[in-house]
Amino acid sequence: MERKIVLFIVMLVHSLFNVSAQDDFQLSSGILRAQGAFAMGRLTESKATQIYIKGDLSYYLDSKVSVRADGFYFVDSQDKTNKPFDFSHSLFTGMSYHLGKGAAIDPYVGLQPGINFARLGNLETTLPISPNSTSWSPVISGHVGFNYYAPKIFHLFVHLQYIQGRFVNQLNSQSLSEFRISFGLGWNIDVVK
Amino acid sequence: MKNLLLLTLGIIITVSHNSLSQDVHESNFMIMRCATKPATVKTFSQDPGMFELGVRSTASLFGDAGNHGLGAGGQFRIRFHRQIGSEWFADYIVTDIDGVGKREDVHIGWSVMFYPFKSDSRRFSPYLLAGHCFDYTKVTSYGVSALPNFKSERWSSAIQMGVGTHFNLNQWSDISLSVQYMTHLGNDIHTEIVEENGLRYLTISDHSHGASLEGHLLATMSFNVKIGRLWKGK
């Protein structure tokens with residue numbers, strides 16, 4: 001059964017991204033791409049695994065540079081016994097630099113400042129303050145990834161992001177440093193043509 | 001923080017290596033096409049009146065308490081002359097004070113940038129900057145709300161000076177790195193970590209009388225996009 005599912009996925013991807021049809025694909029300014037996916041994150045300090053719903057939007061200034069914004073909505077931690085945050089949402093804006101020659105395979109690197117909004121999990125205190133206080137934390141992130149464009153409006157993507165920051169409130173501080181990975185199918189249109 | 005510095009360095013080296021070996025493509029950025037005349041191929045515009053928007057990350061280093069903070073914010077730039085520009089910014093910076101307190105800084109200000117080199121055909125465009133900002137600071141001591149001064153806040157003014165450089169990615173965008181020293185001209189919030197009976201906590205004293213020259217080093221990385229020219233000039 002598993003083999004059949006894998007075969008089906010391979011055939012689906014092959015039909016969507018017909019290799020011979022991509023020879024004439026050329027990245028250019030005006031391409032707007034959007035995608036949504038689940039993302040997995042691994043906090044480097046607490047070793048907790050977190051699950052997010054991710055959405056991003058980017059616009060190509062030319063075949064080399066795109067501006068982009070990424071949003072992560074925290075769903076849950078994988079392990080209930082290791083859950084540093086009740087929630088940890090984040091938003092990033094910045095740029096990607098595309099290393100390829102504008103062809104269908106589009107590797108990129110980039111940098112994004114961002115902001116994180118979180119609340120610590122599993123906290124109890126005898127102090128006369130609320131343990132449920134939330135906090136905004138500035139973060140910075142770098143990313144690598146690649147897109148694989150179909151001729152019309154689809155692309156496959158794999159995106160790896162490293163986030164650096166620190167959650168600080170009146171009870172504790174907790175590292176926000178995390179690797180996040182996401183992959184899936186995205187949409188793209190040329191808004192200049 | 002080391003990981004991030006290595007990652008940033010790696011990305012900048014990769015980008016510079018890649019982009020220095022390629023021609024600059026003329027962009028068809030829609031906003032630019034509507035708002036400005038197209039720039040000449042292979043130049044990085046230094047036209048007066050150019051308006052840019054950007055996002056930025058700021059690291060606060062070697063401050064009064066010796067702790068490092070990280071901030072995020074935004075900025076816009078207006079170029080007055082081929083060699084003189086301005087940057088108008090807002091930053092929110094959070095610093096963890098040795099696990100016993102939190103410092104929050106909000107900077108809203110402006111800097112004048114002087115470009116000593118006229119060439120607009122270079123990838124790197126170094127500059128000197130100096131300016132002024134308004135500054136809100138709040139320091140909170142963790143978990144010791146029983147203390148009379150467990151938190152303190154102030155508004156003050158500050159001046160800053162530094163150096164930086166743009167790295168032009170293409171005609172319409174750049175990554176900028178700058179380092180500046182910011183000196184606060186208002187009241188000082190003095191903090192001290194005290195250890196008693198094995199407990200560490202932060203004491204805060206608000207020096208509300210007389211100005212003090214408290215300062216910190218700020219390292220800023222920003223990404224900027226040229227939106228269009230506000231006016232046409234030589």
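This is a predicted model: local features need pLDDT of at least 70, side-chain atom pairs count only at pLDDT 80 or more; totals for chains, interfaces and linings use all residues.
Modeller: A salt bridge is a side-chain nitrogen of Lys or Arg within 4 Å of a carboxyl oxygen of Asp or Glu. Residues are numbered from 1 along each chain as its sequence is written, chains are lettered from A and ligands numbered from 1 in the order in which they are written, and side-chain values use heavy atoms, with hydrogens and water left out.

Colleague: How many salt bridges does a search of the whole structure find over all chains?

Modeller: Side chains of opposite charge can pair when their charged atoms come close. When the whole structure is searched for such salt bridges, over all chains, the count is 19.

Colleague: How many residues apart are B:Arg56 and B:Asp91?

Modeller: B:Arg56 and B:Asp91 are both buried (under 20% relative accessible area, with exposed meaning over 50% and partly exposed in between, for a 1.4 Å probe and protein chains only). They form a salt bridge, and their closest N and O atoms are 2.8 Å apart. B:Arg56 is in strand E1 of chain B and B:Asp91 in strand E3 of chain B, so that the pair links distant parts of the chain, at a separation of 35 residues.

Colleague: Which residues are linked with B:Arg56 and B:Asp91 in a network of salt bridges?

Modeller: The salt bridge between B:Arg56 and B:Asp91, at 2.8 Å, belongs to a network of salt bridges.

Colleague: With which side chain does the side chain of B:Gln75 make a polar contact?

Modeller: B:Gln75 is in strand E2 of chain B, where it is buried, with a relative accessible area of 4%. Its contacts (heavy atoms within 4.5 Å), not counting residues up to four places away in sequence, include B:Glu52, B:Glu87 and B:Trp88. The polar contact (a pair of N or O atoms within 3.5 Å, where within protein one must be able to donate a hydrogen and the other to accept it, and residues adjacent in sequence count only if both atoms are side-chain atoms) is 2.7 Å, and it joins the side chain of B:Gln75 to that of B:Arg56.

Colleague: In which strand of chain A does A:Arg166 lie?

Modeller: A:Arg166 counts as partly exposed, at 31% relative accessibility, whereas B:Asp96 is buried, at 16%. B:Asp96 forms a salt bridge with A:Arg166, the closest N and O atoms being 3.4 Å apart. The pair joins two chains, because B:Asp96 lies in strand E3 (residues 84–97) of chain B and A:Arg166 in chain A, in strand E7 (residues 154–168).

Colleague: With which side chain does the side chain of B:Asn67 make a polar contact?

Modeller: B:Asn67 is found in the loop between E1 and E2 of chain B, and at 14% relative accessibility it counts as buried. Leaving aside neighbours within four places in sequence, its contacts include B:Ser60, B:Phe62 and B:Thr95. The polar contact, of 3.0 Å, is made with the side chain of B:Asp98.

Colleague: Over how many bridges do E3(B) and strand E4 of chain B pair?

Modeller: In the hairpin of E3(B) and E4(B), three residues lie between the strands, and B:Asp98 takes a positive phi near 50 degrees. One bridge partner in E4(B) is B:Asp105, for B:Ile93. The strands pair (DSSP finds at least two bridges between them) in the antiparallel sense, and the number of bridges is 14.

Colleague: Which element of chain B has the lowest mean pLDDT?

Modeller: Chain B averages a pLDDT of 79, and 72% of the residues score at least 70. Among its elements, E2(B) has the highest mean, 95, while the lowest, 42, belongs to H2(B).

How values were computed: Helices (H or I, at least four residues) and strands (E, at least two) are DSSP runs, numbered from the N terminus. pLDDT is the predictor's confidence in each residue, from 0 to 100.
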